[in-house]
Structure formats: C-alpha cells, structure tokens
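This briefing is meant for a reader who has not seen this structure before. Please look over the sequence and the model below, then read the points grouped by topic.

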Amino acid sequence: MTEPQKQWTVRHFSQANPAGPGCDSVPALLRRPADSIEALGPVEIQDVVILSETTPDGPWRSGTVYFHLPEDG
C-alpha cells in the first residue's frame, strides 16, 4: 500500500468582470473562468470560489479557480 501524499501543489487563478457597468454580471463572470479552464486542457479542478465586493457601481463579482495539472502528481 502506498503512503498518502503529505503535501501537494494547488495552482490557482483569479478573474473578475471589468469595473463599471456590468461588473455584477454572474453569467459574464462564469464564462471567464470556464474559457480559461478549457484553455488549460486536462486539469483537475479542486474548487471554484465566487466573491462579491460592494462598489459604487454595485456588486463587483470575482472568482478564483483552484486546480491541479497532470504533472503535479
């Protein structure tokens, strides 16, 4: 039996809608990381976190994707 891995690499990237009108669009925000994940190729997604920050233009949405590449083991 192999020993459980004690540490590993988790990569991540964050994206947000452009500031200003439309910065609160959840569909627009979800398209951004979806396109980026597809561009990465075969990755294992660990987690996706969506955040909302209050601005004068309303809620400003952003998201962070945590993932593993095949070579990360």
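The side chains of Thr 64 and Ser 14 are joined by a polar contact of 2.7 Å. Thr 64 sits in strand β3 of what is a predicted model. The points below begin with this residue and then move to the sheet, the helix and the whole chain.

**Around Thr 64**

- Is Thr 64 buried or exposed? Thr 64 has a relative accessible area of 11%, and because buried means under 20%, this residue counts as buried.
- Neighbours within four places in sequence left aside, Thr 64 is in contact with His 12, Phe 13 and Ser 14, and also with Asp 47, Val 48 and Val 49.
- The polar contact with Ser 14 is one between side chains.

**The sheet**

- Three strands make up an open sheet, and their order across it is β1-β3-β2. The pairing is antiparallel.
- β1 covers residues 11-16 and β2 covers residues 44-55; both stand at the edges with a single partner strand each, so one side of each has no neighbour in the sheet.
- On average, neighbouring strands of this sheet are turned by 20° against each other, with direction ignored.
- In general, strands of a sheet pair through backbone hydrogen bonds, and the pairing is either parallel or antiparallel.

**Pairing of β1 with β3**

- β3 spans residues 58-68, and its antiparallel pairing with β1 runs over 6 bridges.
- Which residue of β3 stands opposite Ala 16? The residue opposite Ala 16 is Ser 62.
- Arg 11 has Phe 67 of β3 standing opposite.

**Pairing of β2 with β3**

- β2 and β3 are also antiparallel, and 11 bridges connect them.
- How many residues does the hairpin use to join β2 to β3? The hairpin passes through 2 residues.
- Glu 53 has Trp 60 as its bridge partner in β3.

**The helix**

- Helix α1, residues 26-40, lies across β1, β2 and β3. Its direction is at about 145° to that of β1.
- Ala 28 is placed in helix α1. With a relative accessible area of 24%, Ala 28 is partly exposed, because that class lies between the 20% and 50% limits.
- Ala 28 and Glu 53 lie 25 residues apart in sequence, and their C-alpha atoms are 16 Å apart in space.

**The whole protein**

- The protein contains 1 helix and 3 strands. Along the sequence these follow the pattern β-α-β-β.
- What radius of gyration does the protein have? The value is 16 Å, whereas a compact globule of 73 residues would have one near 11 Å.
- Along the principal axes, the C-alpha atoms fill a box of roughly 55 × 25 × 15 Å.
- Of the 73 residues, 21% are buried.
- The accessible surface amounts to about 5,400 Å², and carbon and sulfur atoms hold 55% of this area.
- Among contacts with a separation of 6 or more, 54% are between residues 24 or more positions apart.

Methods
Residues numbered from 1 in each chain as written. Predicted model: local features only at pLDDT ≥ 70, side-chain atom pairs only at ≥ 80, totals over all residues. Heavy atoms only, no water. Pairing = 2+ DSSP bridges. Helix = DSSP H or I, 4+ residues; strand = E, 2+ residues; numbered from the N terminus. Axes fitted to C-alpha atoms, helices over the stretch in contact; angles between N-to-C directions. Contact = heavy atoms within 4.5 Å. Rg over C-alpha atoms; globule rule 2.2 N^0.38 Å. Buried < 20%, exposed > 50% of the residue type's maximum accessible area, 1.4 Å probe, protein only. Areas by Shrake-Rupley, 256 points an atom, 1.4 Å probe, with all protein chains shown as cover. Polar contact = N/O pair within 3.5 Å; in protein donor to acceptor, adjacent residues only side chain to side chain.
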